[in-house]
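Here are my notes for you on this one. Have a look at the sequence and the model, then work through the points.

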Amino acid sequence: FFNPLGQIPGPFWAKLTHLWKAYHMYKRDLPQAILKAHEKYGPVIRIGPNDVNFQSRDAIDPIYKAGRSMPKTIFYDAFTAIQPNLFSTRDEAFHTVRRRQMAHSFSTATVLKFESTFNKHLDRLFHNVEQSVGKTFDMKEFASCYAYDVIGELAFDKDLNTQQHPSRDNLPPIPDHILLGSLYGLVPSMMPYSMKIGNRLPIPGLQKLLASRRQLSAQAANWVKTSIEKHSEGDRGSLLASILEARDPDTGARLTAEEICSEAFAFLIAGAHTTSATVGFLFYHLMHNHDAAKKLAAELSDNLPLYQEGGNMVLYAGIESKLPYTMSCIKENFRISAVFNMPMPRLVTDPKGVEICGRHIPQGTSVSMLSHALHHDPRFWGSDHDKFIPERWLEGNISFNEVMPFGVGHRACIGRNIASINLLKVLSTLWRNFEFLPQNQEEILEMESVGVGEKKGPLLCMVRKREK
Ligand code: HEM
């Protein structure tokens, strides 16, 4: 009766307890549950006792472009692995300095200096796909190993080479780490205790996961230590080397070994699964949409030569403008299957509260948006929002600002250039040289999300090599 959010509709249990979100996160269907709740209750809903979620582009600016007055909420504390890092910190002053310190290392110009790293791993991916001609294989598994190797080498300056024997069993359980963080973070009242309690609960699966997390972070610390030892002044030949050279813009101070380790670890967690899941969805959509696949192949063959192993890899510079249809496939995939699917919560700190979509939201409320819900809003995208239609980006005059796969504002993804370059190179190289065919043309796409969504189950396919 007296709760100022009492008038905002939403699922019954969500108004009473954070466990509604945690339950759906555990079931790996939180994005679908929130979208369904929007379909039932409208664009402004309660997804927790103190959480309001918006499905309207009018909410983007007041939530994500209000700067320091809307910091991240306690949800993100669960993603602090070693020390506070750029992704997880709630301290806006800390964030400003750290982001300025590292921004240069993520600019397009800097990332393109590491293009040979992308090429090396893409060559291995190419080789693995080529070796699979005539067989059925899981493209998701290939993409996971590829993404882990590329992001691992960028973050740690170390060739992890899981593509040598591409198997999910050789990868650390990054999706499980994300699930654990998301579950801990979604029940804020438990946050100060959940990590401590989690360490003591006699649940074998949980203890195995926590042990693998400790092992990965110890390994990461070792890799960073080795890199620091071999680093020489002025060397910016890799992302890690570039970060080792990064300075605090005010004091000129460099990041300490622990700080670098924490950031590098976060790059792996934030960058590897998001990239491989995006590749998985993109290849699924193209394999199940003949027209789009044909147009894509035609554009690529008009503009790019076939890749001969050991020859020259597709170079990023200048290809974006030559490949409008390819770019629209990538954009449409980001829309229809946005992988970053945690509601990105921000805290209202203004004592007067804020006005969002005509609603007064009081101080202390957690407000959020979910890409999946925004990208499937039929009021904006039409009744065919569930269809993969790259043409909407060419004909509809729609701007990429209508979607938010990388977040928005000062906390948006710092790795966006890495992800975009990676995707364009992978898609153009593989689709130019191979025809991908799904094992099951009738398969219906289902997403499962641990906070980052991926196609449920394997992506079984076959390939034919293109001759011209
Ligand atoms: C397709 C790939 C990717 C997607 C869809 C994606 C998506 C996102 C999103 C939506 C956010 C905002 C999160 C929020 O506000 O809660 C974010 C932040 C972030 N991402 Fe990515 N990301 C991708 C790749 C990467 C890569 C490759 C890296 C690093 C190598 C990376 C590092 C980060 C970091 C450090 C942040 C926090 C930025 C800040 O708070 O200043 N991401 N990402």
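How many bridges join S8 to strand S11?

1. Before the answer, some ground rules. This is a predicted model, where local features need pLDDT of at least 70, side-chain atom pairs count only at pLDDT 80 or more, and totals for chains, interfaces and linings use all residues. Residues are numbered from 1 along each chain as its sequence is written.

2. Five bridges join S8 to S11 (residues 460–465), and these strands run antiparallel. Strands (E, at least two residues) and helices (H or I, at least four) are DSSP runs, numbered from the N terminus.

3. Now the whole sheet: it's open, with three strands in the order S3-S11-S8 and antiparallel pairing (two strands pair if DSSP finds at least two bridges between them). S3 (137–138) and S8 (434–438) are the edge strands, each pairing on one side only. Helix H13 (residues 257–287) packs on this sheet and touches S8 and S11 (contact puts C-beta atoms, placed from the backbone, within 7 Å).

4. H13 turns up again at the ligand, supplying seven residues, the largest share of the shell. Helix H20 (416–433) and H13 each supply at least two residues there.

5. Finally, what does Ala 155 touch, not counting residues up to four places away in sequence? Look for Leu 239, Leu 240, Ala 264, Phe 267 and Leu 268.

How values were computed:
Two residues are in contact if their C-beta atoms, placed from the backbone, lie within 7 Å. Axes are lines fitted to C-alpha atoms, for helices over the stretch in contact, and angles run from 0 to 180 degrees between N-to-C directions.
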